[in-house]
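Please open the model in the viewer and keep the selection panel at hand.

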Amino acid sequence: MAADPRITEDGLDALREKAARTGKVQDHGIVPVGGPFPKPASGVSYHGNPVLKPPTWTWQVPLYFFVGGVAGISAVIALVAHLFGTAGLMRAGLWIGFLGALISAPLLIADLGRPARFLNMLRVFKLRSAMSVGAWTLSGFSTAVGLAVVCHELILAGYGNDFLLVLEWVAEISAALSGLILASYTSVLLGVTAIPVWSENRKLVPVVFLAGGLGSAAAVLELLGFLVPVTQFIGIVASAVETLVAIIIELRGRYVDRPLREGSVGWLTRAGAALAGPASLLLRIFSGHSSSARYLAAVCFVIGALISRYAWIGAGRVSSRDPQALFRIQRPEP
């Protein structure tokens with residue numbers, strides 16, 4: 001092995017003297033050729049290896065997050081509408097929830113690869129497995145909302161009785177409760193991962209997902225013709241929350257949030273936030289009396305919320321490739 005020209009006896013004596021005086025030495029160090037030593041850590045890797053594995057979810061998963069959120073919140077709206085005697089809104093909410101459940105199942109199965117894996121997920125319940133929780137939640141919600149739809153349609157057809165009425169209420173309540181889980185569990189599971197942009201926003205992501213599901217469910221109802229005050233109110237609240245979240249992300253300026261502000265994913269995040277937030281909100285506030293403006297606001301929110309789901313997944317991929325984001329969390333600067 002050729003001698004390093006930087007290494008001299010005088011240099012070593014200087015290092016020993018410095019170590020004795022200060023208790024530490026800051027120098028480049030020497031890596032013996034062929035020695036069993038890892039490569040020095042760099043700013044882009046951990047000893048030459050990736051720190052985190054990026055998410056492997058396919059495009060169906062963000063779409064499942066969106067559709068599942070709309071379906072789950074629609075079931076909640078249907079239950080509230082039933083309590084207040086709004087029959088038309090209740091029926092539409094149940095059908096949106098049911099159709100959303102039918103769409104969600106193939107999306108989840110597509111990510112798993114084959115239907116048998118979906119059934120295998122139901123053999124054991126694993127709280128720490130996103131797919132296990134998703135399979136069980138979706139199965140319970142689909143059963144409950146499907147039963148509620150069947151009971152309601154039978155009652156409308158004149159086959160109602162006391163048993164069917166009680167069964168309908170039980171099914172609607174079960175659908176609403178499981179629908180809330182369906183709309184929010186994905187955001188919670190993102191927050192408990194090691195990916196920095198998700199874990200450091202574990203309190204913010206559920207707000208984004210629930211607001212997106214709530215506003216999108218109201219928007220779908222509006223597109224079906226339910227331009228009623230309650231959907232307008234829900235739309236304003238959801239858009240206001242989306243706007244506030246976007247402002248928080250921009251003003252905090254944290255390093256860990258860079259994927260949400262920079263690059264192609266950053267622009268995607270901002271586009272989704274702008275459509276679901278300010279664009280929809282301004283249309284509702286200043287042109288809420290116009291049915292055309294209400295329809296346009298609904299379309300903006302739905303598109304924005306859908307983009308937001310893909311943006312958050314994309315941000316997770318970018319964040320997983322940035323070891324400095326994880327290092328800064330573990331060793332916060334003073």
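Is Y64 buried or exposed? Y64 is buried, because its relative accessible area is 3% (buried means under 20%, exposed over 50% and partly exposed in between, with a 1.4 Å probe and protein chains only).

This is a predicted model, in which local features need pLDDT of at least 70 and side-chain atom pairs count only at pLDDT 80 or more, while totals for chains, interfaces and linings use all residues. Residues are numbered from 1 along each chain as its sequence is written, and side-chain values use heavy atoms, without hydrogens and water.

Next, select F65 together with Y64. The two form a tilted aromatic pair, 6.1 Å centre to centre with 50° between the planes (rings of Phe, Tyr and Trp, the last by its six-membered ring, pair if their centres lie within 6.5 Å; planes under 30 degrees apart are stacked, over 60 edge-to-face and the rest tilted). F65 counts as buried, because its relative accessibility is 7%.

F65 and F209 make a tilted pair, at 6.0 Å centre to centre and 55° between the planes. F65 lies in helix α2 and F209 in helix α8 (residues 205-223), so this pair ties together parts 144 residues apart in sequence (helices are DSSP runs of H or I, at least four residues, numbered from the N terminus). Ring pairs link Y64, F65 and F209 into a cluster.

Finally, select P62, L63, F65 and F66 in α2, which meet V302, A305, L306, R309, Y310 and I313 in α12 (contact means heavy atoms within 4.5 Å).

Notes: Helices (H or I, at least four residues) and strands (E, at least two) are DSSP runs, numbered from the N terminus.
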